[in-house]
Amino acid sequence: MGSKYKHVFNPIRIRGIDFKNRITLAPPSPNLASRDGLVTREFVEWFRMFARGGVSTIYVGNCSIDITECKDEAFQLDLSDDRCIRSLAKFADMGKQYGCHASFEINHNGENTAFETVGHAPFSSSPNISSTERSRAARLGREPIAAIEMTHEKIAETVEKFGDAAARMKRAGMDICLVHGGHGNLISQFTSPLYNHRTDEYGGSTKNRARFAIEVCDAIRRKCGEDFVIEFRISADEIAEEGMHFDETLELIGYLKDHIDILHVSAGLHSDFNMKYYRNWCQNFMMDRCFNVHYARDVKKAYPDLLVTTVGSITSLDYAEEIIANGWADFVAMCRPLMADPDMPLKYAEDRPEDRRPCLRCDSCTRHLMIPKPIFCAVNPMSGMTTDLPDGIIPKADKKKRVAVIGGGPAGVQALQTLLDRGHDVTLYEKSGAIGGNVIGAAVPDFKIDMKDYLTWMRHTTAQCIQRGAKVLLNTEATKDLLDLEKYDAIVICVGADPVVPAVPGIDKAHVCWAPDAEMGKHPVGEKLVVIGAGSVGLEAAYDFCKQGKQVEVVEMLEKEASFTRLRLTSSGSAAREFRTILEEQDIKMHYSSTLAEVRDDCIVCRNVDTGETTEIPCDTVLLAVGMRAKWDLVEELRHCAPETSVYHVGDCRKAATICEAVNEAFQACLHI
């Protein structure tokens, strides 16, 4: 008997090629190719988790047709030479073990290649200077370098490079490719009026601007034959004012549709305009789910016979089933949700949707790409260990031990689960009456939908662990005396961090509290609130209470740009830009370069860090969000309650950070117990 997800798991044949379901891994770039652009063992093993988990097609992102002239990642696949075929075959063959198509997104990024990367100016449809190049030039202290307008000879050469790249894929055993025609890469630098200012047959009208894309697809068909599937990725709307918009994209699709098999419908631009339109193709946790599905739906209305893939914050197969059942798309592409749980297709096929580990849309994975380091997931620690743990199997411990886990936050729940998988006898102590730790407060605002899902999953997983034999003791403080009495073989300390409380006069007044406590209703608030700290905790609280009709002001020690940069590089990722927009649109007054100096009964006094001037801000509630401090005193008290080499402290009690650090540290520590 099959699952209830009849549309998601309905197979389809295209050009005689079988696709076992409608789930596609949207193309990530894992930073695991070799320096010279070849597939490595680590690369294959990282993608294995998706093939094993049940997707129909795996795409690898941004594979260059020639890294000597188009390269924008440190560890980017190169498809320009036959030397790549042997390693590509290993990847293709891995997919076949699971009935999965392992393939690539082939790309030329055009004007966005840096001069410093390839040693010459980039190529594009027109001699533009991208906004990315202007920022880069300013940072490097040189003049911006314009792209080289491609001659007819260069266009023909590049068309052949696309065709040859796909042909090498086919020789390696692949029978589908994804052509990147969106997000401001080279093909869209021809199709979009934002970039294309040519006056020859490749410029001007939409039909002329479609010519290069059509030639690329025709070259692939000519070199790969009729038994090869061409999927073509577009930005349905580039969003940028002078860019390609949806009405014109529909016209473009009319010219393209007979040259492709599947249209992959995304939106936005990649890096241009200093990442302003990145959110339109990679949404953050402040944005709606299924963000771009409406574009695919409208494409299907206009071209009902065209196979369409939709993508963009489709966070579960429940959404995918609805989308396909309604005829809005034929395939659903997911990246970060599958990184969070590569086994999602398997779990849904077995009618276990409640077991899905939800994606936080936190962008921890993307931040790793920029370092560069191999990308891994905040909530799926296996994604950082795929080479070390073949087939995703956690090895059983040589000896069963009695292990205590102290704390029921993200690190504690991960430790509990991993230790059980290792075969240990585990007891978790949680001082409060509920599992969740600081996730409980983080999940309170109505816009934190992903965090709410994660809290639900944490509690569901804990309940499963209890069914497997774990002991979970709520409302139980793990003291030194208690742990000494139990004589545990090992201890994992996950006691988290406490809010930092500034040492200023009046800080102990009754109308002062930690911001999440106020959001959880543990502390009453008035009508005029001042939030101290403009990190993610502070800004989320400010927005939450502003939506409730409160008057809110925020005091932040850093100046405006430095505060934004810290927010982007630490906890909020791409949502930092969302907060900047919120601050502009909502009635939230910001006091940058200011610190809290005193709390009075009816106001606070803040001091400008540059001038020393003081300002009074009237308020009836003061919410603290100035950071977290690891509970080192408690760690020191507990770290000798078992053999010292078998005591680990992980997560915020090691260093106040994010869920990503907590989960991955806990997992890796427990692999050694």
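Buried means under 20% relative accessible area, exposed means over 50%, and partly exposed lies in between, with a 1.4 Å probe and protein chains only. The model shown is predicted: local features need pLDDT of at least 70, side-chain atom pairs count only at pLDDT 80 or more, and totals for chains, interfaces and linings use all residues. Residues are numbered from 1 along each chain as its sequence is written, and side-chain values use heavy atoms, with hydrogens and water left out.

**View 1. Salt bridge between Asp355 and Arg352.** Asp355 has 10% relative accessibility and therefore counts as buried. The side chains of the two residues meet in a salt bridge of 2.7 Å, N to O. A salt bridge here is a side-chain nitrogen of Lys or Arg within 4 Å of a carboxyl oxygen of Asp or Glu. Side chains of opposite charge can pair when their charged atoms come close. A search of the whole structure finds 51 salt bridges.

**View 2. Salt bridge between Lys154 and Glu69.** The closest N and O atoms of Lys154 and Glu69 are 2.7 Å apart. Lys154 lies in helix α5 (residues 152-171) and Glu69 in the loop between β4 (57-64) and α2 (85-96), so the pair ties together parts that are 85 residues apart in sequence. Helices (H or I, at least four residues) and strands (E, at least two) are DSSP runs, numbered from the N terminus. Both Lys154 and Glu69 are buried.

View 3. Arg600 is partly exposed, with a relative accessible area of 31%. Glu598, at 26% relative accessibility, also counts as partly exposed.

**View 4. Packing of helix α22 on helix α23.** Helix α22 covers residues 560-569 and helix α23 covers residues 575-585; they pack at an angle of about 140°, with their axes 8 Å apart. Axes are lines fitted to C-alpha atoms, for helices over the stretch in contact, and angles run from 0 to 180 degrees between N-to-C directions. Angles under 35 degrees count as roughly parallel, over 145 as roughly antiparallel, 65 to 115 as roughly perpendicular and the rest as oblique. The two helices, α22 and α23, are therefore oblique to each other. On the α22 side, Glu561, Phe564, Leu567 and Arg568 take part; on the α23 side, they meet Ala576, Arg577, Phe579 and Arg580. Contact means heavy atoms within 4.5 Å. By class, this contact has four nonpolar, no polar and four charged residues. Ala, Val, Leu, Ile, Met, Phe, Trp, Tyr, Cys and Pro count as nonpolar, Asp, Glu, Lys and Arg as charged, and the others, Gly among them, as polar.

**View 5. Cysteines Cys84 and Cys603.** A search of the whole structure finds zero disulfides, a disulfide being a pair of cysteine sulfur atoms within 2.5 Å. Cys84 is in no disulfide, and the nearest cysteine sulfur, that of Cys63, is 9.9 Å away. Cys84 is buried, with a relative accessible area of 1%. For Cys603, the closest cysteine sulfur is in Cys619, at 6.6 Å, which is too far for a bond. Cys603 is buried, with a relative accessible area of 5%.

**View 6. Positive phi at Arg361 and Ser593.** Most residues other than glycine have a negative phi. Phi of Arg361 is near 50°, a positive value. Arg361 lies in the loop between α14 (344-349) and α15 (364-370) and is buried, with a relative accessible area of 2%. Phi of Ser593 is near 55°, again a positive value in a residue other than glycine. The loop between β21 (588-591) and β22 (594-599) holds Ser593, which counts as buried at 9% relative accessibility.

**View 7. Loop residues Gly612 and Thr645.** Gly612 is in the loop between β23 (603-608) and β24 (614-618) and is partly exposed, with a relative accessible area of 38%. Gly612 and Ser594 are 18 residues apart in sequence and 9.0 Å apart in space, C-alpha to C-alpha. Thr645 is in the loop between α24 (632-638) and β27 (647-649) and is exposed, with a relative accessible area of 71%. From Thr645 to Ala490 the separation is 155 residues in sequence and 8.5 Å in space, C-alpha to C-alpha.
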